[in-house]
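Subject: Structure for you to look at

Hello,

Here is the structure I said I would pass on. Please open it and keep it in view while you read the notes.

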Amino acid sequence: MRSLCLLVLVGACGSDDPPPRREVRAPPPPIASPVVDRALDELEALRAKLCACHDRACADAVQTELRAWRAPLAEQFAAHPPTPEQDQRGVAITRAITACQARFEPSATP
């Protein structure tokens, strides 16, 4: 019985060799989705349209278009997430849209 316990203990200890190293690889970079590129192109066109407005009625009409355009995006982007570069482009366009919108806010008029 004693030899069986020793055998179990020695067998449980295993060898002194370290476990084999597993190679850790970085995930591949995301691939730019044409769906996202197309959405960004559409957003850029809406930005240009909004920035070309000269009155509040025009800006409101473009705002309505923007809301309709954004509605299906969550689903599309879930299936096709943007790359960091696409995300940066989207942020830049959104900032430009915000700047154009600010022209038509009540506090922006003298």
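Predicted model: local features only at pLDDT ≥ 70, side-chain atom pairs only at ≥ 80, totals over all residues.

Residues are numbered from 1 along each chain as its sequence is written, and side-chain values use heavy atoms, with hydrogens and water left out.

The chain

The protein chain has five helices and zero strands; helices (H or I, at least four residues) and strands (E, at least two) are DSSP runs, numbered from the N terminus. Along the sequence the pattern is α-α-α-α-α. Of the 110 residues in the chain, 21% are buried. Here buried means under 20% relative accessible area, exposed means over 50%, and partly exposed lies in between (1.4 Å probe, protein chains only). Among contacts (heavy atoms within 4.5 Å) with a separation of 6 or more, 81% are between residues 24 or more positions apart.

The core

In soluble globular proteins, nonpolar side chains tend to be buried together. A nonpolar core is a set of buried Ala, Val, Leu, Ile, Met, Phe, Trp, Tyr and Cys residues joined through side-chain atoms within 4.5 Å. The largest one in this model has 14 residues, and those touching the most other members are Leu43, Leu50, Leu66, Trp69 and Ile97. At least two residues of this core come from each of helix H2 (34–51), helix H3 (56–70) and helix H5 (84–102). What does Ile97 contact, leaving aside its neighbours within four places in sequence? Its partners are Leu43, Arg47, Leu50 and Leu66.

Two helix pairs

Two packed helices are described by the angle between their axes and the distance between the axes. Axes are lines fitted to C-alpha atoms, for helices over the stretch in contact, and angles run from 0 to 180 degrees between N-to-C directions. Angles under 35 degrees count as roughly parallel, over 145 as roughly antiparallel, 65 to 115 as roughly perpendicular and the rest as oblique.

H2 and H3 pack at about 170 degrees, with their axes 9 Å apart. That makes H2 roughly antiparallel to H3. The contact of H2 with H3 has eight nonpolar, no polar and three charged residues. For these classes, Ala, Val, Leu, Ile, Met, Phe, Trp, Tyr, Cys and Pro count as nonpolar, Asp, Glu, Lys and Arg as charged, and the others, Gly among them, as polar. The residues of H2 that take part include Ala39 and Leu46, and those of H3 include Val62 and Trp69.

H2 and H5 pack at about 15 degrees, and their axes are 9 Å apart. The two helices are therefore roughly parallel to each other. Their contact has nine nonpolar, four polar and five charged residues. Among them are Leu40 and Arg47 in H2, and Ile93 and Ile97 in H5.

Two prolines

Pro81 is in the loop between helix H4 (73–79) and H5. Pro81 is exposed, at 52% relative accessible area. Apart from neighbours within four places in sequence, Pro81 contacts Val36 and Gln86. Pro30 is 51 residues from Pro81 along the chain, and their C-alpha atoms are 8.6 Å apart.

Pro106 is in the segment after H5. Is Pro106 buried or exposed? Its relative accessibility of 65% counts as exposed. Pro106 and Arg56 are 50 residues apart in sequence, and 10.0 Å apart from C-alpha to C-alpha.

Regards
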